[in-house]
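Subject: Structure for your review

Dear colleague,

Please find the structure below, followed by an account of what was found in it.

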Amino acid sequence: QVQLVESGGGLVQAGGSLRLSCAASGRTFSRYTMAWFRQAPGKEREFVAAITWSGGSTYTADSMKGRFTISRDNAKNTGFLQMNSLKPEDTAVYYCAARYGDDWYTGRYDYDYWGQGTQVTVSS
């Protein structure tokens with residue numbers, strides 16, 4: 001089992017930045033691929049970005065590429081999502097997810113472990 005706890009969400013003005021963190025406990029986090037998803041009210045959960053356990057491969061959804069950066073620090077069992085140039089349409093609950101292995105996937109059902117989510121609100 002892997003337990004995930006997100007933090008770092010909040011209210012920010014358009015154009016601002018936030019850095020989300022995902023603290024992992026339980027099994028060896030370094031053997032898990034980590035991803036971020038988001039879900040806005042009334043919408044499906046949407047893939048944001050993923051990073052393999054080695055950190056050697058990352059993938060970011062096209063709509064967020066160039067603004068969002070995923071990273072991780074296996075020594076601290078923590079993953080990060082740096083979000084810059086935020087827009088009102090980025091408003092959502094952001095979730096951290098993990099799956100065992102060294103391959104990234106974009107489907108929500110490809111991930112076995114989830115955090116409780118952190119709210120990000122971007123005002124115009």
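**Salt bridges**

Arg-38 and Asp-90 form a salt bridge in which the closest N and O atoms are 2.8 Å apart. This pair connects distant parts of the chain, with Arg-38 in strand β4 and Asp-90 in the loop between β8 and β9, 52 residues apart. Please note that the model is a predicted one.

Asp-90 has a relative accessible area of 1% and is therefore buried. Arg-38, at 8% relative accessibility, also counts as buried, because the limit for that class is under 20%.

Arg-38 in turn meets the side chain of Glu-46 in a salt bridge, at 2.8 Å from N to O. Glu-46 counts as partly exposed, with 33% relative accessibility. Taken together, Arg-38, Glu-46, Arg-67 and Asp-90 are linked in a network of salt bridges. The structure holds four salt bridges.

**Charges over rings**

The charged end of Arg-19 sits over the ring of Phe-80, at 3.9 Å from the ring centre. The charged end of Arg-31 sits over the ring of Trp-53, and here the distance to the centre is 4.7 Å.

**Aromatic pairs**

A search of the whole structure returned eight aromatic pairs. In one of them, Phe-37 and Phe-47 have ring centres 5.6 Å apart and planes at 80 degrees, so the pair is edge-to-face. Phe-37 belongs to strand β4 and Phe-47 to strand β5, so the pair ties together parts that are ten residues apart in sequence. Phe-37 is buried at 1% relative accessibility, and Phe-47 is buried with a relative accessible area of 10%.

Phe-37 also forms an edge-to-face pair with Tyr-111, with 5.5 Å from centre to centre and 75 degrees between the planes. Tyr-111 lies in the loop between β9 and β10 (113-114) and Phe-37 in strand β4, so this pair joins parts that are 74 residues apart in sequence. Tyr-111 is buried, as is Phe-37. One aromatic cluster is formed by Phe-37, Phe-47, Tyr-59, Tyr-95, Trp-104, Tyr-111 and Trp-114.

**Disulfide**

The search of the whole structure found one disulfide. Its partners are Cys-22 and Cys-96, whose sulfur atoms are 2.0 Å apart. Cys-22 is in strand β3 and Cys-96 in strand β9, so placed that the pair links distant parts of the chain, 74 residues apart. The link is left-handed, with -75 degrees about the S-S bond. Cys-22 and Cys-96 are both buried.

**Nonpolar core**

The largest nonpolar core has 34 residues, and those with the most contacts inside it are Leu-4, Trp-36, Leu-81, Met-83 and Tyr-94. Among the elements that give two or more residues to this core are β1 (2-7), β3 (18-26), β4 (32-39) and β9 (92-100). Leaving aside its neighbours within four places in sequence, Met-83 is in contact with several residues, including Leu-18, Leu-20, Phe-68, Tyr-94 and Val-120.

Yours sincerely

Notes:
Residues are numbered from 1 along each chain as its sequence is written. This is a predicted model: local features need pLDDT of at least 70, side-chain atom pairs count only at pLDDT 80 or more; totals for chains, interfaces and linings use all residues. Side-chain values use heavy atoms; hydrogens and water are left out. A nonpolar core is a set of buried Ala, Val, Leu, Ile, Met, Phe, Trp, Tyr and Cys residues joined through side-chain atoms within 4.5 Å. Buried means under 20% relative accessible area, exposed over 50%, partly exposed in between (1.4 Å probe, protein chains only). Helices (H or I, at least four residues) and strands (E, at least two) are DSSP runs, numbered from the N terminus. Contact means heavy atoms within 4.5 Å. A disulfide is a pair of cysteine sulfur atoms within 2.5 Å. Rings of Phe, Tyr and Trp (its six-membered ring) pair if their centres lie within 6.5 Å; planes under 30 degrees apart count as stacked, over 60 as edge-to-face and the rest as tilted. A charge sits over a ring if NZ of Lys or CZ of Arg is within 6 Å of the ring centre and within 35 degrees of the ring normal.
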